[in-house]
Amino acid sequence: MALPQRQTDIGPPKYDQFLPPIIKKNYGKWKYHEVLTPGTMVHVAESGDKLYTVRVGSPRLLSTETIREICDLAEKYCDGYLRFTTRNNVEFLVSDKSKMDPLLAELKVKKYSVGGIGPRVSNVIHTQGWVHCHSACTDASGLVKAMMDELYDYFTTKELPNKVRLAVACCVNMCGAVHCSDIAIVAVHRKVPTINDEMVTKTCEIPTTIASCPTSAIRPNPAKKSVTINEEKCMYCGNCFTVCPPIDIHNPEEDGVAIVVGGKIGSLRTDPKFSKLAIPFFYNEPPRWPKVVAAIKNILETYAKHAKKHERVGEWIERIGWERFFKLTGIPFTFQHIDDFTFARDTFRTSAAFKY
Ligand code: SF4
Ligand code: SF4
């Protein structure tokens, strides 16, 4: 006899409890989908059923008031069904076509941005930033706002050769999808952490602190009942700081961001790809980060000008070669582009040869 399902906080509930009835009915039997406008599309089932999607951007960190408003809209036009995509676009799932225009009209009145579907930029996935996370080396929300103010037309109307996924992560833990995005910003610490020996003795477990370091840079310091860091081996990842906060990695003067390009998740045409370094460093310049925003726009528009239709950013770079990518974008090739870090065991490429 099947046991009744118990409510726990372990793992998410089974997804199919939340599927709209039209999706349940046609599960696995969808024929095709079509982009209708930059912010709407339709999925057509073998049965002839149609499900319309309206996509709007979200700032990702949402107030409860905004979430309530979004839910009210879903109740009114979509029988309560909506979803958040992995990049935090909000998608209203409309099964009654006659409700599309009233929904779009109300979204316009309420100043939501409709767009992000098809060959353009979608919502920017990002992480917590200074507002919320202890490891942050930049302000993800502020950076995304500054960036999207500049790229807004690429969300609502303008077309690109293919979709372009943008991401921001506020440290190399990369809670945002920086490693698999077309153009992404990753914030970086650049200095070896400082150690407050007295507080380490009082608050940290030495074995777990040592074990937290991926490059084995941390050793015990028995004289001080603390630890020491081999500076040459440290890659400024901040793992030790998370386990033992008196090993402080923050440095407001030296923290900043790097830009990586060419990642993707999809396996259409070519295999999924990891992003690679394009620009090693910019200092944080809140509130508008003008140099970072200009650099992102330059990469996006160079790609728009030179890529073939349907080519993702990484596919375009692989076709023309990295040397030409640096030439076309005007980005200088620097010593930081050469991967010669030798302390990460077999997990990373360790050759000093940069392959164009
Ligand atoms: Fe925190 Fe780093 Fe994740 Fe940002 S990317 S939320 S700083 S762990
Ligand atoms: Fe090790 Fe990272 Fe801490 Fe450096 S910052 S000591 S690499 S855990």
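1. N298 sits in helix α8, which spans residues 290-306. This is a predicted model. N298 counts as partly exposed because it has 15 C-beta neighbours inside 10 Å, while the buried label needs 20 or more. N298 is 261 residues from T37 in sequence. In space, the two C-alpha atoms are 26 Å apart.

2. Next, the domains. The assignment gives domain 1 as 15-109 and domain 3 as 194-248. Domain 2 is written in three segments: 125-169, 179-188 and 256-337. The C-alpha centres of domain 1 and domain 3 lie 48 Å apart.

3. Five strands make an open sheet, ordered β6-β7-β8-β13-β14. The pairing is mixed. β6 (125-126) and β14 are the edge strands; each has a single partner strand, so one side of each has no neighbour in the sheet.

4. Now the pairings one by one. β7 and β8 run parallel, with four bridges between them. L166 is opposite I183 of β8. β8 and β13 are antiparallel and joined by six bridges. There, I185 faces I259 of β13. β13 also pairs with β14, antiparallel, over five bridges. In that pairing I259 stands opposite I279 of β14.

5. The largest nonpolar core has 50 residues. Which of its residues touch the most other members? V168 and V186 do. Elements giving two or more residues to this core are α4 (140-156), β7 (166-169), β8 (183-188), β13 (256-261), β14 (276-283), α8 and α9 (313-320). α4 supplies the largest share, eight residues. A second, separate core holds 20 residues, including A74, V90, L93 and V94. In soluble globular proteins, nonpolar side chains tend to be buried together.

6. Beyond its neighbours within four places in sequence, V186 contacts A169, V172, M174, V178, V257, A258 and V260. Of these contacts, A169 and M174 are also listed around ligand 1.

7. Ligand 2 is surrounded by 15 residues. The closest are C213, C234, C237, N239 and C240. This shell divides into 11 nonpolar residues and four polar, with no charged.

8. Last, helix α9. Its buried residues are V313, G314, E315, W316 and I317. What do the buried residues of α9 pack against? The partners are β8, β13, α8 and α10 (322-329). Among these, α8 is the helix that holds N298. G321 follows α9 and has a positive phi, near 95°.

Definitions and conventions. Residues are numbered from 1 along each chain as its sequence is written. Chains are lettered from A and ligands numbered from 1 in the order in which they are written. This is a predicted model: local features need pLDDT of at least 70, side-chain atom pairs count only at pLDDT 80 or more; totals for chains, interfaces and linings use all residues. A residue is near a molecule or strand if its C-beta atom, placed from the backbone, lies within 6 Å of it. A residue is buried if 20 or more other C-beta atoms lie within 10 Å of its own, exposed if 12 or fewer, and partly exposed in between; C-beta atoms are placed from the backbone. A nonpolar core is a set of buried Ala, Val, Leu, Ile, Met, Phe, Trp, Tyr and Cys residues joined through C-beta atoms within 7 Å. Two residues are in contact if their C-beta atoms, placed from the backbone, lie within 7 Å. Domain bounds come from an automatic or database domain assignment. Two strands pair if DSSP finds at least two bridges between them. Ala, Val, Leu, Ile, Met, Phe, Trp, Tyr, Cys and Pro count as nonpolar, Asp, Glu, Lys and Arg as charged, and the others, Gly among them, as polar.
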